[in-house]
Amino acid sequence: FGEIKDVDFGPGQLEADTVRTSADQALVRVGATGFNYFVRIPTPVLQVRFSDNYLDLRDGDVAEIVARGLTENVSNDQLRPVSGFSSR
């Protein structure tokens with residue numbers, strides 16, 4: 001057992017595909033290669049809410065996250081997931 005900060009998760013990568021489903025909503029499909037800890041989509045603007053955020057994805061896992069409260073100023077590029085401890 002050890003502190004989470006001391007665990008070597010090995011290489012991990014995320015791939016994302018974002019589809020705008022309406023003017024104020026998008027579906028972000030996130031796929032993982034390797035283990036990715038604390039996967040999240042940083043909030044581009046305060047009113048955006050996510051159906052799920054801050055999750056762990058193992059190799060081969062796919063998560064679908066719905067982003068609500070988008071404005072026309074929020075681009076798909078701003079809805080990119082990041083991982084807290086993947087070693088990309």
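Modeller: The part to look at is an open sheet of 4 strands, ordered 1-2-6-4 and paired in the antiparallel sense. Its edges are strand 1 (13-22) and strand 4 (49-50), each of which pairs on one side only. The model is a predicted one, and the description should be read with that in mind.

F50 has A67 of strand 6 as its bridge partner.

S83 counts as buried because its relative accessibility is 12%, and the cut-off for buried is under 20%. The side chain of S83 also reaches the backbone oxygen of Y37, at 3.0 Å.

As for the setting of this sheet, the protein has 6 strands and 0 helices, so that the pattern along the sequence reads β-β-β-β-β-β. Of its 88 residues, 33% count as buried, and S83 is one of the buried residues. Among contacts between residues at least 6 apart in sequence, 56% join residues at least 24 apart.

For the whole protein, the C-alpha atoms fill a box of roughly 45 × 25 × 20 Å along the principal axes. The accessible surface comes to about 5600 Å², with 48% of that belonging to carbon and sulfur atoms. On the charges, there are 9 positive and 13 negative, and their mean positions lie 4 Å apart.

Technical notes. Residues are numbered from 1 along each chain as its sequence is written. This is a predicted model: local features need pLDDT of at least 70, side-chain atom pairs count only at pLDDT 80 or more; totals for chains, interfaces and linings use all residues. Side-chain values use heavy atoms; hydrogens and water are left out. Two strands pair if DSSP finds at least two bridges between them. Helices (H or I, at least four residues) and strands (E, at least two) are DSSP runs, numbered from the N terminus. Buried means under 20% relative accessible area, exposed over 50%, partly exposed in between (1.4 Å probe, protein chains only). A polar contact is a pair of N or O atoms within 3.5 Å; within protein, one must be able to donate a hydrogen and the other to accept it, and residues adjacent in sequence count only if both atoms are side-chain atoms. Contact means heavy atoms within 4.5 Å. Accessible areas come from the Shrake-Rupley method with a 1.4 Å probe; for residues, only the protein chains shown count as cover. Lys and Arg count as positive and Asp and Glu as negative; His and the chain ends are not counted. The place of a charge is taken as NZ of Lys, CZ of Arg, CG of Asp or CD of Glu.
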